[in-house]
Amino acid sequence: MKTIIMIFVLISSMIATELPQEFDKKIYDSGEKIFDNKCSECHVKSMPIPILMKNFIEENNQTLKLKAPTGNEISFRLKQQIGSRDDVEFHLIQTNDFLTDYLYNPNLAKTICLEGVIKHFKVMPSMKGKITEEEIEQVNHFLYFLEGFNGVNKYYHDETKF
């Protein structure tokens, strides 16, 4: 019995160390609900990247007919294009500042999406008055962690890892 308990503790501690200390499940869940209520009319939450790339590059968005980049595309691009990834806490602040500015003052010149993707979409309407800064912060947390931490979505599809 002691051996089983020790193995369980060891496995639990290994799983817990995979998540950065900045990750907050409550904020993530709240951000996901806000995303579902305020963003999902245009933004699909997540799709496999190879399917998305085929849709955009080979099929000119005619297969999926997406209205806007997916949440996981935004997640990946936020982490790749905005600020410094050396400090997750500071990086979350930087991505939140970008997201707030973009949502309130959208402009194609500010896009973080690839040209081959963004060419299929119009500039989104401003969300000023439709989403608060607190809600944006929660959506930012959700988007930041949606695509995992190294560009691999290992948490979104298996929430038992939270």
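Colleague: Which residues of H4 are buried in this model?
Modeller: The model is a predicted one. Within it, eight of the 11 residues of H4 are buried, so this helix is largely enclosed by the rest of the structure. The residues concerned are Gly71, Asn72, Glu73, Ile74, Ser75, Arg77, Leu78 and Lys79.

Colleague: Against which helices do the buried residues of H4 pack?
Modeller: H4 is largely enclosed by the rest of the structure, because eight of its 11 residues are buried. The packing partners of those buried residues are helix H2 (25-38), H3, H5, helix H6 (115-118) and H7.

Colleague: Which residue just after H4 takes a positive phi?
Modeller: Helix H4 spans 71-81. Just after this helix, a positive phi of about 65° is found, and the residue that takes it is Gly83.

Colleague: Where does Asn60 lie, and is Asn60 buried, partly exposed or exposed?
Modeller: Asn60 is placed in the loop between helix H3 (49-58) and helix H4 (71-81). Its phi is near 50°, a positive value in a residue other than glycine. Exposed requires over 50% relative accessible area and buried requires under 20%. With a relative accessibility of 43%, Asn60 therefore counts as partly exposed.

Colleague: What is the handedness of the crossing of H5 and H7, and how do the contact residues divide?
Modeller: H5 passes H7 in a right-handed crossing. On the H5 side the contact includes Val88, His91, Leu92 and Thr95, and on the H7 side Glu133, Ile136 and Glu137 are among the residues involved. The residues of this contact divide into 10 nonpolar, six polar and two charged.

Colleague: Which residues does Asn96 contact, leaving aside its neighbours within four places in sequence?
Modeller: Asn96 lies in helix H5. Its relative accessible area is 12%, and the cut-off for burial is under 20%, so Asn96 is buried. Leaving aside neighbours within four places in sequence, its contacts are Ile136, Glu137 and Asn140.

Colleague: Which residues does Met127 touch, not counting residues up to four places away in sequence?
Modeller: Met127 lies in the loop between H6 and H7, and with a relative accessible area of 13% Met127 is buried. Met127 and Asn105 are 22 residues apart in sequence, and their C-alpha atoms are 8.1 Å apart in space. Not counting residues up to four places away, Met127 touches Lys38, Leu103 and Tyr104.

Colleague: What pattern does the protein follow along the sequence?
Modeller: The secondary structure comes to seven helices and zero strands. Read along the sequence, the pattern is α-α-α-α-α-α-α.

Note on methods. Residues are numbered from 1 along each chain as its sequence is written. This is a predicted model: local features need pLDDT of at least 70, side-chain atom pairs count only at pLDDT 80 or more; totals for chains, interfaces and linings use all residues. Side-chain values use heavy atoms; hydrogens and water are left out. A crossing is left-handed if the near helix is turned anticlockwise from the far one by less than a right angle, and right-handed if clockwise. Helices (H or I, at least four residues) and strands (E, at least two) are DSSP runs, numbered from the N terminus. Contact means heavy atoms within 4.5 Å. Ala, Val, Leu, Ile, Met, Phe, Trp, Tyr, Cys and Pro count as nonpolar, Asp, Glu, Lys and Arg as charged, and the others, Gly among them, as polar. Buried means under 20% relative accessible area, exposed over 50%, partly exposed in between (1.4 Å probe, protein chains only).
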